[in-house]
Amino acid sequence: TSDHIISTDGAFSAGRLQMQLNTDRFNYSQTYLEHGYKELTIPPNANGDFAMDPDALHIWPRGTFMLIALPNMDKSFTCTLFFPFEGEYSFNSLDTEEKMLAFFNRMFPDAVALMPTLKEDYFANPASSLAIVRCFPWSFEDKLLLIGDAAHAIVPFYGQGMNCGFEDCVVFDQLMEEHGDDWSKIFRHFERLRKPDGDAIADLALANFIEMRDKVGHPEFLLQKKIEARFSEKYPERWIPLYTMVTFSPDIRYSEALREGQRQEKIMKEV
């Protein structure tokens with residue numbers, strides 16, 4: 001019975017489902033990665049301090065899968081294993097304590113040494129799925145608007161899912177200032193403006209997964225990043241690394257960052 005509904009109810013949105021069921025020409029796709037994730041823990045060390053450098057993202061890249069660790073306020077680390085659901089090395093195949101411990105000791109021996117509750121965490125915590133949602137339009141007349149993950153759920157590898165939702169709010173607020181109480185115009189302008197950015201950050205996040213699990217272990221890739229950092233240091237007005245554009249440049253749209261990143265990548269291939 002509401003006059004206007006802003007549907008901010010996440011990746012499995014009830015508002016979006018109504019669009020699917022009750023409107024014509026509504027485009028929708030939901031794509032699952034073959035990988036899932038499981039959360040593990042590195043507790044504080046015996047002195048109650050961080051067991052590793054807290055000012056870093058720790059990555060164990062292994063080509064088709066990876067382990068990462070991020071620091072918490074209580075001086076522990078949340079570790080996340082991004083791993084296939086099925087296959088030779090997968091959640092399905094590591095189905096006993098012996099198999100799991102043998103795998104971790106072979107692949108992540110330095111991490112295992114810091115994970116006293118690995119066995120308990122691995123079998124107690126679920127393996128959760130990763131999905132990308134794309135759809136359009138995001139609105140129905142002046143009645144319903146999808147925003148945030150309801151419109152553009154992404155995988156977490158750029159750390160931008162929540163930020164993208166906040167950015168939606170900023171843009172929506174600006175459009176309310178611009179169009180007053182013309183909700184139909186606000187909704188249509190919002191979806192046209194934000195759809196390219198929702199698609200761009202979905203593509204960027206997926207590409208960053210490949211970069212994190214594979215490329216960061218390659219000397220050529222690390223050299224490329226050093227060269228890019230040097231370019232940026234010498235000519236900051238002419239070269240902003242892609243990660244900086246996405247993560248630390250609030251005035252650069254995701255779609256602009258994607259285009260500029262592709263241009264820079266072509267240059268770096270020549271270099």
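**Entry: conventions.** I note that this is a predicted model, in which local features need pLDDT of at least 70, side-chain atom pairs count only at pLDDT 80 or more, and totals for chains, interfaces and linings use all residues. Residues are numbered from 1 along each chain as its sequence is written, and side-chain values use heavy atoms, with hydrogens and water left out.

**Entry: the whole chain.** I recorded ten helices and eight strands in the protein chain. These elements are DSSP runs numbered from the N terminus, helices being H or I of at least four residues and strands E of at least two. The C-alpha trace spans about 60 × 50 × 35 Å along its principal axes. Of the 271 residues, 39% are buried. I then took contacts, meaning heavy atoms within 4.5 Å. Among contacts between residues at least 6 apart in sequence, 65% join residues at least 24 apart.

**Entry: Lys215.** I located Lys215 in the loop between H7 and H8. Leaving out residues up to four places away in sequence, Lys215 touches Ile210 and Phe221.

**Entry: helix H8.** I found that H8 covers residues 219-234, 16 residues in total, and reaches 23 Å from its first C-alpha to its last. This is close to the 22 Å expected at 1.5 Å a residue, where the expected span is 1.5 Å times one less than the number of residues. Which residues of H8 are buried? They are Phe221, Gln224 and Glu228. They lie on the same side of H8, because they cover an arc of only 55° around the axis; the arc is that of the directions from the helix axis to the C-beta atoms. An α-helix has 3.6 residues a turn, so residues three or four places apart point the same way. On the other side of H8 I noted Pro219, Lys226 and Glu233 as exposed. The buried residues of H8 pack against helix H7 (183-213) and helix H10 (254-270).

I examined Glu228 separately. Glu228 counts as buried because its relative accessibility is 5%. Apart from residues up to four places away in sequence, Glu228 touches Trp239, Pro241, Gln264 and Met268.

**Entry: helix H1.** I looked up the buried residues of H1 and found Gly15, Arg16 and Met19. Seen down the axis of H1, they fall within an arc of 100°, so they line one face of the helix. Leu21 and Asn22, on the other side of H1, are exposed. What covers the buried residues of H1 includes strand E1 (5-7), E2, E6, E7, E8 and helix H5 (149-152).

**Entry: second largest pocket.** I took a pocket as an open set of points on a 1 Å grid over the protein atoms alone, with protein on both sides within 12 Å along at least five of seven lines; lining residues have an atom within 4 Å of a point. The second largest pocket has a volume of about 190 Å³. Its lining includes Glu167, Gln174, Arg194 and Asp251. Helix H6 (161-179) and H7 are the elements that give two or more residues to this lining. Which element gives the largest share? H6 does, with five residues.

Entry: Most residues other than glycine have a negative phi, and most peptide bonds are trans. I found a cis peptide bond between Phe136 and Pro137, with omega of about 0°. Pro137 sits in the loop between strand E6 (128-136) and strand E7 (139-140). Arg25 is not a glycine, yet has a positive phi of about 60°. I placed Arg25 in the loop between helix H1 (14-22) and strand E2 (27-42); Arg25 counts as exposed because its relative accessibility is 73%. Glu141, also not a glycine, has a positive phi of about 50°, and its place is in the loop between E7 and strand E8 (144-146).

How values were computed:
Buried means under 20% relative accessible area, exposed over 50%, partly exposed in between (1.4 Å probe, protein chains only). On a 1 Å grid over the protein atoms alone, a cavity is a set of points where a 1.4 Å probe fits but cannot get out, and a pocket is an open set with protein on both sides within 12 Å along at least five of seven lines; lining residues have an atom within 4 Å of a point. Grid points are joined across faces, edges and corners, and a volume is the space filled by probe spheres set on the points.
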